[in-house]
Each structure stands twice: as structure tokens, then as C-alpha cells.
Amino acid sequence: MRLLVTGGAGFIGTNFILYWAGHHPDDDVVNLDSLTYAGNAENLKTLEGNSHYRFVRADICDSSAVYAAMEGIDTVVHFAAETHVDRSVLDPAPFVRTNIVGTSVLLEAARKRGIRRFHHISTDEVYGSLGLLGSDKFSETTRYDPRSPYSASKAASDHLVNAYFHSFGLPVTITNCSNNYGPFQFPEKLIPLAITNVLEGKPVPVYGDGKNVRDWLYVTDHVRAIEAVLTKGNVGETYCIGGPDDHVPNSMIVKTILKLMKTDESSMTFVKDRPGHDRRYALDWSKLERDTGWRPETDLAAGLTATISWYKEHTDWWHRMKSGAYGEYYNKQYGNRMT
Ligand code: NAD
Ligand code: DAU
């Protein structure tokens with residue numbers, strides 16, 4: 001395969017490219033990323049000198065750069081996005097631009113280039129929010145009901161991808177995945193924020209009553225699911241991806257991290273809730289298992305242990321990510337209480 005990966009310098013994109021280079025060493029990978037605050041080209045420094053890997057710094061909204069980068073490509077794997085819900089509440093505009101306009105630019109270039117597979121990475125957040133006490137789950141047939149500017153922009157991008165399948169016959173697939181965690185995640189998201197705050201001796205902020213539930217998935221399991229869809233999935237289909245039934249409230253996630261890091265529970269600090277905070281996510285991933293045989297392999301205890309070790313061993317990486325403009329965002333989001 002000759003892949004164009006967008007957003008490959010971000011969290012999941014980095015994990016995907018490193019996995020792909022290890023498991024499909026003869027495939028060519030072009031990584032197109034504009035390196036926003038969330039992107040870090042250094043993540044892939046182990047691939048420097050690898051003749052099968054090339055980095056292109058470009059914006060997915062730049063149609064000529066995108067068209068040029070697709071020369072000779074057969075498969076597009078589209079990760080690039082603005083991804084943080086809290087930032088989308090502070091300022092929706094970059095989310096509309098990158099997630100909607102950027103996706104449409106990529107689709108148009110893919111159509112003109114005759115791309116053989118356009119795989120779009122999306123989120124479970126397009127389905128809205130489940131009741132806290134139920135045991136129901138989102139599936140591929142759940143009605144779209146996005147609640148944040150982030151999830152609304154991702155929902156719009158999913159609709160565009162489907163429209164290119166029906167209107168132009170572009171061979172697309174979509175995956176809607178639950179919350180990922182693991183190495184290289186920007187420390188604005190709950191799990192890396194909690195781990196790095198503990199390492200810095202800072203309190204760990206928990207929104208509202210801490211009872212919101214997410215469906216946690218170790219990032220390598222997400223990457224394996226994308227591999228399964230690219231190699232065994234059916235064109236025109238959407239697949240939900242979720243974790244190994246680790247449906248745990250946020251306060252329990254934080255307490256588990258504190259316990260694994262041998263830190264007192266008093267570090268957990270309840271703060272003002274996120275506006276429109278979705279209560280619970282849970283995913284039914286049986287269609288993906290049926291069509292490809294994929295199942296998640298890493299449970300929460302093993303995944304959190306591995307993630308904590310990675311952040312302990314990569315303090316330079318997250319210190320750099322947390323310096324500069326991050327401090328400005330952090331103070332705006334959490335105020336002075338949390339420093
Ligand atoms: P991230 O924020 O860590 O990385 C995003 C990457 O996209 C960065 O490298 C950034 O530089 C790049 N990017 C942003 N705007 C760009 C633009 N205009 N042009 C080119 N590059 C640009 O994101 P992530 O957590 O790795 O998420 C990747 C994808 O997976 C996203 O589409 C997201 O919606 C989806 N997703 C994420 C999760 C999760 O839990 N993190 C779960 C489900 C789906
Ligand atoms: O569900 C998939 C989505 O997961 C992805 O599409 C998004 O890109 C990704 O950011 C993530 O969204 P969430 O909003 O669920 O992730 P976040 O880590 O921001 O928050 C996880 C939960 O923890 C959520 O209920 C809000 C809560 N939270 C978050 C932060 C940052 C806190 O309680 N305190 C915090 O400081």
C-alpha cells in the first residue's frame with residue numbers, strides 16, 4: 001500500500017504510523033500534518049532515514065498541497081482534526097475549518113486522484129449522550145445527535161464522507177471510536193493530564209460530580225482496528241470501535257491512576273462542569289468483530305500501567321508539550337486553583 005496519513009504527528013496518528021512501519025515495512029507512508037499545538041514531528045524521529053516514510057508539513061485546507069501529496073497514493077487514512085471538546089467550547093471556529101472544510105478538501109483531492117480507499121477516523125461523540133444508569137450502547141445505526149462544536153464538526157465530516165461514497169462512488173470507510181489513551185497523547189485530555197499533574201505535584205481536576213462515563217480503549221487496539229478495516233472491512237461501511245467493557249466513571253479513572261502512582265486521593269479536585277457535558281458513552285463493536293475478527297486486547301489496568309510508565313519515561317516530551325501556549329489555555333480552562 002502507499003498511504004497518505006493526515007494528522008500523523010498527533011496522538012493516534014503517531015501510534016498508527018509507528019505500528020504500520022513495524023507491521024507493514026514495505027508499505028510507503030506519507031504523513032501530512034500542519035503541526036498545530038497538538039502535533040509533534042519529533043514523535044516519528046525513529047523513522048528518519050527510512051526510505052518508506054516521508055513527512056509533509058501542510059494544512060489539509062490547502063487544496064494544492066493536498067492534491068500534490070496524494071500523487072501515487074492508493075490509500076488515505078484521515079486523522080487530522082481539532083480534537084479537544086473543551087477548546088471547541090472556548091472557540092468553535094478552528095473546528096469548523098479543519099474538521100469540515102479540511103475533510104471536504106481531502107475528499108475532493110481523493111476523488112480527482114482516483115484513491116482506492118479513503119478511511120475517515122471519527123468519534124463516538126457524534127451519537128450524543130447515553131443515560132447514566134442504562135446499559136444501552138451506541139451502534140452504527142444510532143441516530144446522530146452531536147452536542148459540542150467538536151462533535152458537530154465531526155458529524156458533518158462523516159456526512160461529507162458518506163456523500164462522496166453515494167454521489168461519486170469514492171471507496172470510503174468510516175470508524176467511530178471511543179476514548180483512546182496511551183503514549184503520545186497531548187496532556188490536555190483527562191488521562192495524560194492526570195498522570196502529568198501527579199508527576200508535577202499538582203491537583204487533578206475532575207469536572208462536575210465525576211460520574212460521567214467513557215468507554216476507554218488503549219490506542220494500539222484502535223490502531224489494530226483501523227488495520228482490520230483497511231484490510232478486511234467492506235467499502236461504504238461504518239464501524240464502531242470501543243473498549244473491553246471498561247465503563248468506569250471519571251472519578252474512578254482518576255482514583256485508579258492515583259493508586260497506581262501511589263498518590264493520595266486528596267489530589268483529586270472537583271471543578272466546574274464542562275458545558276453540555278455528555279453523560280455516558282458506550283459502544284457496541286460487534287459489527288467490526290463480525291466482519292474482521294477484531295477484538296480489543298488491552299484491559300484498563302494493563303493499559304493505564306503502560307501509559308503511566310511511558311509518561312514517567314518521557315518527561316522531556318510532555319514538559320515541552322506543556323510549556324508555552326499550553327499554560328495560557330490551562331489557566332483559562334481551570335483558573336489559578338489548579339496550578
Ligand atoms: P490530536 O489532537 O492528538 O492530533 C491531531 C493532529 O492533527 C495533530 O498532529 C495536528 O497537528 C493535526 N492537524 C490539526 N489540524 C490540522 C490541519 N488543518 N491540517 C493538517 N494537520 C492538522 O488528535 P488525536 O487524539 O490523535 O485524534 C486523531 C483523530 O481521531 C481525530 O480525527 C479525532 O477526531 C479522532 N478520534 C480521537 C479519539 C481520542 O480519544 N483521542 C477518539 C475517537 C476518534
Ligand atoms: O469519545 C471520543 C472522544 O474522546 C474523542 O473524539 C475526542 O477527540 C477526545 O478528546 C475524547 O473526548 P472527551 O471529551 O471524552 O475526552 P477528555 O479527555 O477531554 O475527557 C474525558 C472525560 O473526563 C470527560 O467526561 C470530561 C472529563 N474531564 C476532562 C478533563 C480534561 C475531567 O473531568 N477533567 C478534565 O480536566
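Before starting, I wrote down that a residue counts as buried when its relative accessible area is under 20%. I also noted that this is a predicted model.

Entry on the cysteines. I looked up C177 and found its relative accessibility to be 3%, so by that cut-off C177 is buried. I then turned to C240, which has a relative accessible area of 0% and is buried too. How far is the sulfur of C177 from the closest cysteine sulfur? The closest one belongs to C240 and lies 9.3 Å away, which is too far for a bond. As a reminder to myself, a disulfide is a covalent bond between the sulfur atoms of two cysteines. My search of the whole structure accordingly ended with zero disulfides.

Entry on the sheet. I traced an open sheet of seven strands, and reading across it I wrote down the order β3-β2-β1-β4-β5-β6-β11, with parallel pairing. Which strands stand at the edges? They are β3, residues 53-57, and β11, residues 238-241; each has a single partner strand, so one side of each is left without a neighbour in the sheet. I also noted that neighbouring strands here are turned by 20° against each other on average, with direction ignored. Looking at one pair in detail, I found that β2, residues 28-33, and β3 are joined in the parallel sense over five bridges, and that D33 has R57 in β3 as its bridge partner.

Entry on the helices. I followed α5, residues 149-168, and saw that this helix lies across β5 (117-123) and β6 (172-177), running at about 155° to β5. Helix α7, residues 219-232, packs on the sheet as well, where α7 touches β1 (2-6), β4 (75-78), β5, β6 and β11, and its direction makes about 145° with that of β5.

Entry on backbone angles. Most residues other than glycine have a negative phi, so I looked for exceptions. One of my finds was L35, which is not a glycine and yet has a positive phi of about 60°; L35 sits in the loop between β2 and β3. Another was F184, whose phi is positive and near 70°, and which I located in the loop between β7 (180-181) and α6 (190-199). Is F184 buried or exposed? With a relative accessible area of 14%, F184 is buried.

Notes. Residues numbered from 1 in each chain as written. Chains lettered and ligands numbered in written order. Predicted model: local features only at pLDDT ≥ 70, side-chain atom pairs only at ≥ 80, totals over all residues. Heavy atoms only, no water. Pairing = 2+ DSSP bridges. Helix = DSSP H or I, 4+ residues; strand = E, 2+ residues; numbered from the N terminus. Axes fitted to C-alpha atoms, helices over the stretch in contact; angles between N-to-C directions. Contact = heavy atoms within 4.5 Å. Disulfide = S-S within 2.5 Å. Buried < 20%, exposed > 50% of the residue type's maximum accessible area, 1.4 Å probe, protein only.
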